[in-house]
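Student: I have a new model open and would like to learn how to read it. Could we go through it together, feature by feature?
Tutor: Gladly; here it is.

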Amino acid sequence: MRLHHAALIALLIAPVLATAQENLGKYEDRIAVEDVMARYVWAVDSLDAEGYVAVFTEDAVIDSNGNFSRGHQEIRNIVTNLIKRRDDLKAKGLPTSNLYHVISSVRITFPKANEALHQSYWQTVRRDKDGRMIAAAMGRSEDRLVKRNGKWLIQSRKLTVFTD
């Protein structure tokens with residue numbers, strides 16, 4: 001009798017476990033998504049405009065609290081504008097305020113084949129006028145990635161900056 005109940009329970013929960021495992025994705029895909037997101041952060045923090053654009057699809061969209069950047073050129077402009085701001089501040093003898101991202105509480109799921117959802121909290125830190133590292137901003141992000149020609153790329157990025 002107990003064996004019968006155990007078999008019945010196993011049959012009932014097997015689809016749930018299979019779905020949960022499927023949503024976690026394959027190990028190789030998870031690592032590749034983590035790598036894309038790490039390259040994104042390193043590129044923006046090091047002001048590497050070409051490296052930054054390289055992690056996005058050509059039709060990608062970034063929504064930063066309702067401010068949209070669409071396509072490679074507008075996305076490249078995010079970094080080139082940061083470079084211009086840095087150079088302008090440097091020319092005036094002011095601190096450059098370089099930003100450094102800290103990412104936490106990462107969650108990666110795979111809602112469909114060749115699609116990934118990367119969610120995380122982030123904060124940026126920078127040096128203040130006295131040279132101390134301070135928090136510049138905090139928020140959360142939701143990135144939708146797609147696998148095209150065997151390569152994972154960011155298709156959309158939604159940034160919510162905490163204002164409270």
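Tutor: Let us start with a helix on a sheet: α2 lies across β1, β3, β4, β5 (133–148) and β6, and runs at about 150° to β3. Contact here means heavy atoms within 4.5 Å. Axes are lines fitted to C-alpha atoms, for helices over the stretch in contact, and angles run from 0 to 180 degrees between N-to-C directions. Helices (H or I, at least four residues) and strands (E, at least two) are DSSP runs, numbered from the N terminus.

Student: What kind of model is this, and how are its residues numbered?

Tutor: This is a predicted model, with residues numbered from 1 along each chain as its sequence is written. Local features need pLDDT of at least 70 and side-chain atom pairs count only at pLDDT 80 or more, while totals for chains, interfaces and linings use all residues; side-chain values use heavy atoms, with hydrogens and water left out.

Student: Which strands does helix α4 lie across?

Tutor: Helix α4 (residues 71–91) lies across β1 and β2, at about 50° to β1.

Student: In what order do the strands of the sheet come?

Tutor: Two strands pair if DSSP finds at least two bridges between them. Here six strands make an open sheet with mixed pairing, in the order β2-β1-β6-β5-β4-β3. At the edges are β2 (67–70) and β3 (100–112), each pairing on one side only. From one strand to the next, the twist averages 15°.

Student: How many bridges join β1 and β2, and in what sense do they pair?

Tutor: Strand β1 (residues 56–64) pairs with β2 in the antiparallel sense, over four bridges.

Student: What should I look for where β4 meets β5?

Tutor: The two strands are antiparallel and share 13 bridges, with V125 opposite A135 in β5. They form a hairpin with five residues between them, and G131 in the turn has a positive phi of about 90°. G131 is partly exposed, with a relative accessible area of 33%; buried means under 20% relative accessible area, exposed over 50%, and partly exposed in between (1.4 Å probe, protein chains only). The C-alpha atoms of G131 and P95 are separated by 8.9 Å, although these residues are 36 apart along the chain.

Student: How many residues lie between β5 and β6 in their hairpin?

Tutor: That hairpin has two residues between its strands, and N149 in the turn has a positive phi of about 50°. Ten bridges join the antiparallel strands β5 and β6, and K147 stands opposite W152 in β6.

Student: Is T124 buried or exposed?

Tutor: T124, found in strand β4, is buried, with a relative accessible area of 5%. Leaving aside neighbours within four places in sequence, T124 is in contact with residues including L99, Y100, H101 and I134.

Student: Which residues touch the most other members of the largest nonpolar core?

Tutor: A nonpolar core is a set of buried Ala, Val, Leu, Ile, Met, Phe, Trp, Tyr and Cys residues joined through side-chain atoms within 4.5 Å. The largest one has 25 residues, of which Y52, F56, L145 and I154 touch the most other members. At least two residues each come from α2, α3, β1, α4, β3, β4 and β6, and α2 gives the largest share, seven residues. Take I154 as an example: beyond its neighbours within four places in sequence, its contacts include V36, M37, Y40, F56 and L145.

Student: How is a pair of aromatic rings described?

Tutor: A pair of aromatic rings is described by the distance of the centres and the angle of the planes. Rings of Phe, Tyr and Trp (its six-membered ring) pair if their centres lie within 6.5 Å; planes under 30 degrees apart count as stacked, over 60 as edge-to-face and the rest as tilted. A search of the whole structure finds five aromatic pairs. In one of them, the ring centres of Y40 and Y52 are 5.3 Å apart and the planes are at 35°, so the pair is tilted. This pair links distant parts of the chain, with Y40 in helix α2 (residues 27–45) and Y52 in helix α3 (residues 49–53), twelve residues apart. Both Y40 and Y52 are buried, and together with F56 they form one aromatic cluster.

Student: Why is the pair of Y121 and F162 called tilted?

Tutor: Their ring planes are at 50°, with the centres 6.3 Å apart, so the pair is tilted. Y121 is partly exposed, with a relative accessible area of 40%, and F162 is partly exposed at 36%.
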